[in-house]
Amino acid sequence: MNSIKVVNIKCGGCEAGIIFKLTNAGFKNVSVDIENQIINFDGEIEKAKIILTKMGYPETGTSDAKSFTKKAKSYVSCMIGKMKK
């Protein structure tokens, strides 16, 4: 099981969007700890980082984690996740 600590997870909509996107990309056992901003999954960690960054949930401590654009993208991903819930 791999884990990535990310930024911008705000709610269940974010969680649903992340689980949907990673599961569709072939990842298994995807779970999201909203409070601690940690995503757990079985699969290739570098591929997950790329997907999550594109969604607006970059890994903590990276330059993307401070990006306003990534934060805005996370709101869009959140809304999409809310519709999929």
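Predicted model: local features only at pLDDT ≥ 70, side-chain atom pairs only at ≥ 80, totals over all residues.
# Notebook: a chain of helices and strands

**Overall layout.** Reading along the sequence, I noted the pattern β-α-β-β-α-α. The chain has 85 residues, and 39% of them count as buried. For the surface, I found that the chain exposes about 4,900 Å². Carbon and sulfur atoms supply 56% of that area.

**The sheet.** In what order do the strands of the sheet stand? I read the order as β1-β3-β2, in an open sheet of 3 strands with antiparallel pairing. β1 (2-5) and β2 are at the edges. Each has a single partner strand, so one side of each is left without a neighbour in the sheet. On average it is 15 degrees, direction ignored.

**Strand pairs.** Next I went through the bridges. β1 and β3 run antiparallel and are joined by 4 bridges. Within this part I picked out Lys-5, whose bridge partner in β3 is Ile-38. β2 and β3 also pair in the antiparallel sense, over 4 bridges. Here I noted that Lys-28 has Asp-42 in β3 as its bridge partner. Val-32 has Ile-39 in β3 as its bridge partner.

**Helices on the sheet.** Which strands does α1 touch? I found that α1 packs on the sheet and touches β2 and β3. The direction of α1 makes about 160 degrees with that of β2. α2 packs on the sheet as well, touching β1 and β3. For α2 I noted an angle of about 35 degrees with the direction of β1.

**Inside and after α2.** I checked burial along helix α2 (residues 45-55). Ala-48, Ile-51, Leu-52, Thr-53 and Met-55 are buried there. Just after α2 comes Gly-56, and I noted its positive phi of about 105 degrees.

Gln-37 sits in the loop between β2 (28-33) and β3 (38-42). Is Gln-37 buried or exposed? Its relative accessible area is 17%, and buried means under 20%, so Gln-37 is buried. I then looked for what surrounds this residue. Leaving aside neighbours within four places in sequence, Gln-37 is in contact with Ile-4, Lys-5, Val-6, Val-7, Asn-8 and Ile-9. The side chain of Gln-37 also reaches the backbone nitrogen of Asn-8, at 3.2 Å.

**One aromatic pair.** How many aromatic pairs does the whole structure hold? My search found 1. A pair of aromatic rings is described by the distance of the centres and the angle of the planes. For Phe-27 and Phe-41 I have 5.4 Å centre to centre and 90 degrees between the planes. The pair is edge-to-face. Why does this pair tie together parts that are apart in sequence? Phe-27 lies in the loop between α1 (12-24) and β2, while Phe-41 lies in strand β3, so the pair ties together parts that are 14 residues apart in sequence. I checked burial for both residues. Phe-27 counts as buried at 4% relative accessibility. Phe-41 is buried too, with a relative accessible area of 0%.

**Lys-66.** My last entry concerns the loop between α2 and α3 (68-84), where Lys-66 is found. Is Lys-66 buried or exposed? Lys-66 has 76% relative accessibility, and over 50% means exposed, so Lys-66 counts as exposed. I also looked up Lys-66 together with Val-7. The two are 59 residues apart along the chain. Their C-alpha atoms are separated by 8.9 Å.

Key:
Residues numbered from 1 in each chain as written. Heavy atoms only, no water. Helix = DSSP H or I, 4+ residues; strand = E, 2+ residues; numbered from the N terminus. Buried < 20%, exposed > 50% of the residue type's maximum accessible area, 1.4 Å probe, protein only. Polar contact = N/O pair within 3.5 Å; in protein donor to acceptor, adjacent residues only side chain to side chain. Contact = heavy atoms within 4.5 Å. Phe/Tyr/Trp six-rings, centres within 6.5 Å; stacked < 30°, edge-to-face > 60°. Pairing = 2+ DSSP bridges. Axes fitted to C-alpha atoms, helices over the stretch in contact; angles between N-to-C directions. Areas by Shrake-Rupley, 256 points an atom, 1.4 Å probe, with all protein chains shown as cover.
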